[in-house]
Amino acid sequence: MSASLKPSALQGATEAFVTRFEGLKARLPGDGDQREAAAVLLRRTGLPGPREEAWRYTNLRSLADQEFHEPLTEVADCAELLARVPDIDAPRLVFVDGRFRDDLSAVPPTAGVRVGGPAFGLLARPEHEKLVALNTMLAEDGAEIGIAAGVDAGTLLLISLATDQNGRAVAFHPRHTISLGEGARLTLVEIGLGEGVYLHNPVTSVVVAKGASLTHLRIQNEGAAAFVLSTLYADVAERGTYDSFTLALGGRLTRAEIHARLGGPNAIVHLNAAQLLADGQHADFTTVVSHDAPNCASRQTVKTVLTGKSRGVFQGKIEVARAAQKTDGYQMNQALLLSDEAEMDSKPQLEIYADDVKCSHGATVGELDPEQMFYLRSRGLPEAEARSLLVRAFLAEALDPITHDQARAAMEAAIALWWERHPA
Amino acid sequence: MLEIKNLHAGINDKPILNGIDLVVPTGEVHAIMGPNGSGKSTLSYVLSGRDGYAATEGSATFDGHDLLEMAPEARAALGVFLAFQYPVELPGVGNANFLRTALNAQRRARGEAEVDAPSFFKLARAAMKALSMPDDMLKRNVNVGFSGGEKKRNEVLQMAILKPRLAILDETDSGLDIDALKIVADGVNDQRGPEFSAVIITHYQRLLDYIVPDRVHVLSAGRIIRSGGPELAKELEANGYAGMVAEAA
Amino acid sequence: MTAVAETLDAVQSVTDGGYKWGFSTDIEMDMAPKGLNEDIIRLISSRKNEPEWLLAWRLKAYAAWLKMEEPNWAMVHHAPIDYQDLHYYAAPKKKPGPKSLDEVDPALLAMYEKLGIPLKERAILAGVELPEGELPQVAIDAVFDSVSVATTFRSTLAKSGVIFCPISEAVLEHPELVQKYLGSVIPAGDNYFAALNSAVFTDGSFVFIPKGVRCPMELSTYFRINARNTGQFERTLIIVEDGGSVSYLEGCTAPMRDENQLHAAVVELVAMDDATIKYSTVQNWYPGDAEGKGGVYNFVTKRGACRGARSKISWTQVETGSAITWKYPSCILQGDDSVGEFYSVAVTTNMQQADTGTKMIHIGRNTRSTIIAKGISAGRSNNTYRGLVKVLPKADGARNFTQCDSLLIGDQCGAHTVPYIESRNRTAKLEHEATTSKISDDQLFYCRSRGLSQEDAVGMIVNGFCRDVLKELPMEFAVEAQKLLAVSLEGSVG
């Protein structure tokens, strides 16, 4: 089985990362043993290859062909990127090229925030997710955000900017944790922007305690040449809510992987997403929702719009453990193919071990409904406008649950801009 | 004869019936009326043996058989029939198949000969004609895609074919227009005779214009607070439940 | 309607528990020594007087198999199989020249009776003359262990130009057809089990329907594993030329054994322009006992090629048996406007494991596929639907609809759905829906309040759940299948 993986570029890339770690490790903060263990793991297994079920649709070959360097240490000028950050009134934590920038940040008064080193957290599984092993080995910085029990911390922005390093490809691996105490509330708006060629490989651990509620809105609008491979783990306790929405617009090769566990009764998880892809973009939205307690509900609406020679991937697995009776799991994945060269691959998956459950998934792939198009045009809309209207209507179902007005507006604006640049 | 004595029952430990006494002699039709939440549906479920509806005290017998000790199918074989307030859908199960299976299961349990397919269809067609139901009703899946009215008529059709000795109609009139109501009432009246009794559970007096009961009982908070002749229903229609409930309290 | 009534009667007549077809027949076996090597393959080939090209083909498959690994992606688990501990050739001892059915071993005929083969078919097998001019309804090519010992109606079929015979005979009598099509849908090295089959297959059925011929009767084969430790490696090849059509039925039971038995069949279908093939299976091989001991490992490769325009291949399967089922009857929709269908019911109880589904590969324009899969899990079993719908760039206007429903009975079993949906054509439209549920208490109570026992109520609700699949089966199979569902689930709800 592994025979076909070798002597691949993936092995070479793995070696390069491990070698970099060897050179850096004296300087890297935090638990050295953990990093060494990750390095051993990574050296043994390499980066994920196409023969692995979880990576059958996303090939890291193009990443492996790229040589990455350390981000430059001098303080980068990022005024242009900053200007593109949407207008949302809230305190902010800004990372530039993976490093926290105090001068650009406004640390919120209501949240316990610690920066200046990676926040490893306890949920990550480097032994299962190889990119998490890579992150563990090389993580340099990150944010630890803690909301005390009972506190409503309002909105917080977590911003990642990647600056153009004059054609030098760089890699950074931030490591964040977000934990909400009992009954705490937070809306975290995460924004990724960048220029040039880079690998952004963040790992985030989210812990939602009893009755707490985290709304996590992510706008991935990174550079067109970027590799963005994020992994997030969420653990939600009794009556807790993890409500997330991911908008993926940028990047050359991107994957957003989420592992959400409903660990206490009556917990709720929403993992919604919209992906808009053009040119040769490849975007992958992969989720594993584990129902480990009774009476929990999970919802997923994932929409992908594909133009040009793009490729979209959705992999969504719902696991229901024996104890998780009365689970209500729903997943809908829909894709619009707007070009003859685009490809959509979808793998919705159910793994059920409890009998008294209500689980369903649906998936559709197709083009815009010609009848709807004709109807709109017969009412006088030009073709492009009709198409734009129908595409927005298609996306609306995924966007509608977003109640944060400014974030929602930012997303709508980003989508409108994307549409202007990539009219189908 | 249905005899209910001091019946206490509830759902999952929550008491709903608090000592019901009721006798329905063979050949009589009794109506049970009451406001929402008075325990009408619970009574029908306890009598027909639904899981989770447990009697905690008292008794209910039919012709001397202890109903409360019997499995639902055994009660059915004895001749007890519940017309559901919300008939259940059985996807993929044809109506004719279902009815014939049920009929023969009951007949078998009673030691009677089974009905072969031709006789069954003769019987079913006759019953459907009487209820103004189209023939294709037999081909459709049990209650799947039926309108509210069709579902209720299907319940009455089942009653006509299974020929119970005691029919319990749980708000069979709800959701019916006047034409359907007459059809349903005719279906019940056709069954009336010295060997047939019925308990008609309803919120409104309307149905009782068409099925004139021998006795009317008013249920409130899990007890029968008044009994009388058909005129009691008219009184309720005129004055509502509130006064009577207050008076009893 | 009468069929339904008949079914109900049949369901009610089924007695309590157990695997009622678990018996074995005492027929002397001619058996090759255990183990697999080139010599065994040469032995099989020479016993069958095969031409040189076929031996070469087998040896090539064997060489490929040696380099392959057993697939491990299915959600099934079993102890390692020792492929050297099996017999690869067994045949009933031949009496000289059984020209007619009267000469067939009476033990074999008696077995058909126990198998519950319908009376008319038994009568046919027993050689009863039909009235002048009457066409028989079902022809049977019975496979007893590895060698076909009875073939009926070949002359009737021959009149219309249909060839229906054991594949070993076809190799000798129609070598040009076999050589042209064997392995053309499932290449010898397609997968581990197909390669193994290609190396060691001993017999199976061959069907050829010439241009414009609608096969005048349903063709039927009963497979049966008999000899201890005999791997079964049937090979079936069905070719339907332009405008022809055939309906093929396959059913099987297996005798009760303590040891696991390996079954790795290959079925290849080829449909040319406007041709139609309907392939129906009722599978109830011995599933092992309640603790998971024994039972058949059923690792089958079935694939149909819709080569011609407007051709159609329809797979219907009811899988209730086997300890492990690994099976994905698939359609390659190559011809424009071709149609693929997959209707499946898979029931697992006790410790059974099933990983089954289909692949629909849309290559031609306006190709259409429908997948209806119903999985029922009970006991401590695991039941997985695994399916691929793939639309290639040239398949303009391709359509797929997939519906997967799982029913769980009890809280110790598992139900899994693993669909792969891949589209590379803008104008293609794919829809997939999956649900998981249990039999609701409301439904059970409703049925019981009408007089049905708990088990009859479950049987009725389950058969209703599977109706969309069962209605695709030919009538006599539908009856058998409904009976099987009820038998299989006896005692599962309590």
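Predicted model: local features only at pLDDT ≥ 70, side-chain atom pairs only at ≥ 80, totals over all residues.

**How chain C meets chain B**

- Chain C brings 24 residues to the contact, and chain B brings 38 residues.
- Together the two chains bury about 2,500 Å², with 63% of that on carbon and sulfur atoms.
- On the chain C side, the residues that lose the most area to chain B are F445(C), Y446(C) and R450(C), which together make up 32% of what that side buries.

- E73(B) and R448(C) form a salt bridge, and their closest N and O atoms are 2.6 Å apart.

**What the chain C side is made of**

- The elements giving two or more residues to this side are α1 (2-13), α10 (441-449) and α11 (454-465) of chain C.
- The largest share, seven residues, belongs to α10(C).
- By type, this side has eleven nonpolar, seven polar and six charged residues.

**A sheet in chain B**

- Four strands of chain B form an open sheet in the order β2-β1-β4-β5, with antiparallel pairing.
- β4 (residues 53-62) and β5 of chain B pair over two bridges, and T61(B) stands opposite D66(B) in β5(B).
- Helix α1 (residues 40-48) of chain B packs on the sheet and touches β1 (2-11), β2 and β4 of chain B. The direction of this helix makes about 110° with that of β1(B).

Definitions and conventions
Residues numbered from 1 in each chain as written. Chains lettered and ligands numbered in written order. Heavy atoms only, no water. Contact = heavy atoms within 4.5 Å. Buried area = accessible area lost by both parts, 1.4 Å probe. Salt bridge = Lys/Arg side-chain N within 4 Å of Asp/Glu carboxyl O. Nonpolar A, V, L, I, M, F, W, Y, C, P; charged D, E, K, R; others polar. Pairing = 2+ DSSP bridges. Axes fitted to C-alpha atoms, helices over the stretch in contact; angles between N-to-C directions.
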